[in-house]
Amino acid sequence: MIDPDIRRARTLPAAYYTDPELHARLGARVFGRAWQLVDADAAGAAGSVAPFTQTGCGEPMLLARDGAGTLRALSNVCTHRGNLVCTEAGPAQGLRCRYHGRRFGLDGRFISMPEFEGVADFPSAEDDLAPAALATLGPLTFVALDPERPFAELAAPVEARVALDGLEPDPSGTRAYEVAANWALYCDNYLEGFHVPFVHPGLARAIDYGSYETELLGPVILQVAQAADGAAAFPGSTVAAYYFFLFPTTMLNFYPWGLSVNVVVPLAVDRSRILYRRFVRDRALLEVGAGAGLDRVEAEDEAVVEQVQIGVRARGYRRGRYSPSRETGVHHFHRLLVSAA
Ligand code: FES
Ligand SMILES: [Fe+2]
């Protein structure tokens with residue numbers, strides 16, 4: 001539905017950004033199969049648990065770190081009659097459902113259940129909490145319920161280009177914003193530097209627009225911004241920023257100071273939450289170059305995507321065309337989205 005030839009292609013139909021039914025279908029098909037970032041620090045110590053909701057599909061999940069320190073992601077739904085097993089983060093030896101007392105180990109295994117004597121074929125593997133896939137990339141942890149692809153397809157392009165050591169979590173850089181726009185509009189905007197001179201005058205001074213490059217790496221889209229003359233770059237290089245997009249909603253932004261992560265969380269067809277976390281390697285470089293003033297850049301992006309949400313809802317708009325030189329990332333994202341939907 002999106003022509004592979006960008007010169008012939010038309011952009012994503014407006015319904016993708018506006019139709020609640022299509023939005024719900026994408027939730028199950030795309031996000032039910034996607035690798036999504038989770039906050040593993042919530043279950044940081046050995047013998048602890050933390051509930052979370054899988055981004056985009058609303059699946060109730062929990063993180064459990066057992067006594068030996070092994071971290072697992074498990075379904076948070078009791079296998080008896082569906083109560084949520086874990087409602088609060090904290091230390092735990094095991095899990096006990098507060099509805100009728102079913103017990104599970106921190107590995108998800110069924111342990112015991114009152115008043116079930118004589119039940120046939122019980123317990124079985126179906127009575128354990130279902131595990132999800134879990135993987136790490138530097139300081140980041142990802143979970144997938146039913147992974148569409150091996151995690152290595154997301155991790156390898158990142159590992160090949162940037163260092164992931166020495167990145168310390170910096171809670172002072174944590175942010176959460178709510179945007180009145182569809183999640184994919186926010187991604188579209190992220191995936192092109194085309195708008196930088198128009199929307200981000202401050203950022204435009206830090207990067208060299210002419211040499212801005214987009215690389216299509218399977219489920220990863222990498223944008224590389226070279227530093228403007230005299231602006232901050234990575235040591236021994238002229239690169240100001242590497243912007244990695246991991247399909248469908250994870251954005252890893254590497255700057256000389258470290259890593260800024262943002263994730264788009266779909267809340268409704270026309271509403272999203274943007275979560276930011278920061279990992280710092282060199283604090284002295286925080287407010288220089290392309291990695292400076294990120295709150296302002298975010299506000300500029302949000303204002304424009306909120307306007308676009310109003311526009312794509314209008315009767316006067318159906319779909320557009322792509323710039324072959326500046327919108328290869330958006331085109332590729334649309335192709336990934338349509339093929340996953
Ligand atoms: S729903 Fe959990 S024990 Fe009944
Ligand atoms: Fe932007």
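Figure 1. Helices (H or I, at least four residues) and strands (E, at least two) are DSSP runs, numbered from the N terminus. This is a predicted model, in which local features need pLDDT of at least 70 and side-chain atom pairs count only at pLDDT 80 or more, while totals for chains, interfaces and linings use all residues. Residues are numbered from 1 along each chain as its sequence is written, chains are lettered from A and ligands numbered from 1 in the order in which they are written, and side-chain values use heavy atoms, with hydrogens and water left out.

Figure 2. Because 10 of its 13 residues are buried, helix 8 is largely enclosed by the rest of the structure. Buried means under 20% relative accessible area, exposed over 50%, and partly exposed in between (1.4 Å probe, protein chains only). Among the buried residues of helix 8 are His 331, His 332, Phe 333 and His 334. The buried residues of this helix pack against helix 1 (15–18), helix 2 (20–29), helix 4 (183–190), strand 13 (213–217), strand 14 (220–226) and strand 15 (239–246); contact means heavy atoms within 4.5 Å.

**Figure 3. Helix 7, residues 294–313.** The 20 residues of helix 7 reach 29 Å from the first C-alpha to the last, close to the 28 Å expected at 1.5 Å a residue. Its buried residues include Glu 298, Glu 300, Asp 301 and Glu 302, as well as Gln 309 and Val 312. The partners of the buried residues of helix 7 are helix 1, strand 12 (175–179), helix 4, helix 5 (196–199), helix 6 (201–206) and strand 18 (271–280).

**Figure 4. Thr 18 and its neighbours.** Thr 18 lies in helix 1 and is partly exposed, with a relative accessible area of 25%. Leaving aside residues up to four places away in sequence, Thr 18 touches Val 269, Gln 309, Val 312 and Arg 313. Phe 116 is 98 residues away from Thr 18 along the chain, and their C-alpha atoms are separated by 48 Å.

**Figure 5. The setting of the close-up views.** The protein chain has eight helices and 18 strands. Its C-alpha trace spans about 75 × 50 × 30 Å along the principal axes. Of its 341 residues, 51% count as buried.

Note on methods
The expected span of a helix is 1.5 Å times one less than its number of residues.
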